[in-house]
Structures are given as structure tokens and as C-alpha cells.
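I wanted a page of notes on this one before moving on. Here is what I looked up, in the order I went.

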Amino acid sequence: MRILILGGTTEASALAARLAGNPDFKPVLSMAGRTSDPRALPIPTRIGGFGGVEGLAHFLVDERIEAVVDATHPFAAAMSRNAAAACARAGVALLALRRPSWTPQEGDRWLEVPSMGEAVHALGAAPRRVFLTVGRLELPPFAAAPQHVYLVRTIEPIGEALPVPNVIAIQDRAPFDEAAERELMERERIDVVVTKNSGGAATYPKITAARALGLPVIVVARPEKPSGVEEVATAEAAFEWLQRTHGRTP
């Protein structure tokens, strides 16, 4: 069974590892190419976009793909919409592998906002020391609030993405741990954390560290994903879905 995994998450990597070497499946993992040094995975991997819905639909037909697993980042809404439309056009089975959102726990001081622009506004006018963990591509809106000191953590160099006077840029890759996150926030005298509600365990320690330190967290809500798509929350559940789908394929 020929499978396309739309990746970029730990769940996609886990599914790739689960499928590797299984003679029932011939998977390929697609990555957007936003990380210059992605982790090597044990199945064939392609890098780059497809050219929108039409390009992806052609790829599915040309490569005789029988099932697609959308395991993209929770904020990759455009790719998920393209996948739903392309699979419908090509008549290919589609599964969404979507990790659960984080939810506030006792002791959390969350302010949930619908967009990056609202997160900028929520920082307020008074200068603050901000731990900004939203990804390199989401940094430009914060240039509208140059009065703050920003501690920015990304996988890739930020370049000119945040042209403000006071930026401390660090490069690191999840998973993180709570003790190190607490030490970082204390050392940099952080006043507030800004994050996307990405879900998952790999970056959750910043939430528990902020809770332990009593820091407010501005949480940007997830964008809407296509409705009417079957969903699972784990790589193992996705593998079981593929087994069932394979069993129904002539």
C-alpha cells in the first residue's frame, strides 16, 4: 500500500518509524523544507511543496498513492486544507493525525488569544521581558511592539524576522525539560511567555515552568482545520487505521 505522510511533527516521525520495514506498506514522508537540517528518518523523504491543491492531486495520482496521513503541525492550516481538497479530488483516503491541544491546569495564568496580532496587543504598552516561542515564521507581527525585550527560541536562525532593538536569539530543538526551562526563564528575568497551542509533550515543559514560576502565558489558539476528516491522536492509532484501510484495498 502506497502511503503519503505529510510530516513535520514528532507524530509523523513516530509513524514513519512504525512503518519502516513493514512489507505491507510503501510510505513516503513529505516535509515542507522549513528546517535546513531535519532529523533523518527510516523511510524515503521528499522536501518541498506540491504546488497547491492541483499539484498535490497530480502527485497522488502519478505516484498511485492509496492513503494520506496529514501529520502536519497543528498550525499548518493551509496544508491541511490542501490535503483535504486534493484527496477528495483524487479519491484517496485521508486521515488527520492531530495531537490534542494543551488545556489550562490549576495554577496556570493563561490568556488565550485568536491570532499573533492579538498576542502582540496583549503584551501591552509597558516594556516587558518576553519569552517568545512561536517559531521563526510568526515573528514579524511582534516588530509592531519594539519596546519589549524578546528572548526568541527557534530551530533556525531568525535573520531579520524581528527587527527590534532588543532581541536575544537562541537556537535549540525540542524536547525540553522543566528544570532547564525554569533556569532559562529565571536567568533572563522573563515577565511573560508567548506560545502557540501546539500540544504534545516535547515543548510542554515551558508551560509547567511558567506555572511553577507564576508567570503569565499568552497562548495563541489553533487555526481551524478541515472538518469531516477522520482523526486520531497518536501514531499507533494512525498505524491501526492504515492496517484497516489496507485490508479494504483490493
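**Lys196.** I started by listing what Lys196 is in contact with (heavy atoms within 4.5 Å). Leaving aside its neighbours within four places in sequence, I got His73, Phe75, Trp102, Met116, Thr133, Val134, Glu138 and Val220. Lys196 is found in strand S10; I take strands (E, at least two residues) and helices (H or I, at least four) as DSSP runs, numbered from the N terminus. Is Lys196 buried or exposed? It counts as buried, at 11% relative accessibility. My cut-offs are under 20% relative accessible area for buried, over 50% for exposed and partly exposed in between, with a 1.4 Å probe and protein chains only. The Lys196 side chain reaches the backbone oxygen of Val134 at 3.1 Å.

**Ground rules.** I note that this is a predicted model, where local features need pLDDT of at least 70 and side-chain atom pairs count only at pLDDT 80 or more, while totals for chains, interfaces and linings use all residues. Residues are numbered from 1 along each chain as its sequence is written, and side-chain values use heavy atoms, with hydrogens and water left out.

**Ser198.** Next I went to the loop between S10 and H6, where Ser198 lies. Ser198 counts as buried, at 10% relative accessibility. Which residue does its side chain join in a polar contact? I found His73, at 3.3 Å between the side chains. For a polar contact I want a pair of N or O atoms within 3.5 Å; within protein, one must be able to donate a hydrogen and the other to accept it, and residues adjacent in sequence count only if both atoms are side-chain atoms. Leaving aside neighbours within four places in sequence, the contacts of Ser198 are His73, Pro74, Phe75, Arg99, Trp102 and Arg222.

**Pro141.** I looked at the loop between S7 and S8 for Pro141. Pro141 is partly exposed, with a relative accessible area of 32%. Beyond four places in sequence, Pro141 is in contact with Met116 and Val120. C-alpha to C-alpha, I read 6.1 Å between Pro141 and Gly117, which are 24 residues apart in sequence.

**The open sheet.** I traced six strands in the order S3-S2-S1-S4-S5-S12, with parallel pairing; two strands pair if DSSP finds at least two bridges between them. Strand S3 (45-47) and strand S12 (230-232) stand at the edges with a single partner strand each, so one side of each has no neighbour in the sheet. The twist averages 25 degrees from one strand to the next; axes here are lines fitted to C-alpha atoms, for helices over the stretch in contact, and angles run from 0 to 180 degrees between N-to-C directions. Helix H1 (residues 10-19) packs on the sheet and touches strand S1 (2-6), strand S2 (26-31), S4 and S5. The direction of H1 makes about 155 degrees with that of S1.

**Strand S4.** I checked both sides of S4 (residues 67-70). Four bridges join S1 to S4, running parallel, and Leu4 stands opposite Val68. S4 also pairs in the parallel sense with S5 (residues 93-97) over four bridges, with Val69 opposite Leu95. Both faces of S4 are covered: Ala67 and Val69 are buried on one side, Val68 and Asp70 on the other.

**Helix H5.** Which residues of H5 (residues 178-187) are buried? They are Glu181, Leu184 and Met185. They cover an arc of only 95 degrees around the axis, which puts them on the same side of H5; the arc is that of the directions from the helix axis to the C-beta atoms. What covers them includes strands S7 (129-133), S8 (149-154), S9 (167-171) and S10 (192-196), and helix H6 (205-213). At the N-terminal end of H5 I found Asp177 as a cap, with a side-chain oxygen 3.2 Å from the backbone nitrogen of Ala179. Just after H5, Arg189 takes a positive phi of about 55 degrees.

**Whole chain.** I ended with the totals: the protein chain has seven helices and twelve strands. Buried residues make up 47% of its 250 residues. The C-alpha trace spans about 65 × 35 × 30 Å along its principal axes. Among contacts between residues at least 6 apart in sequence, 67% join residues at least 24 apart.
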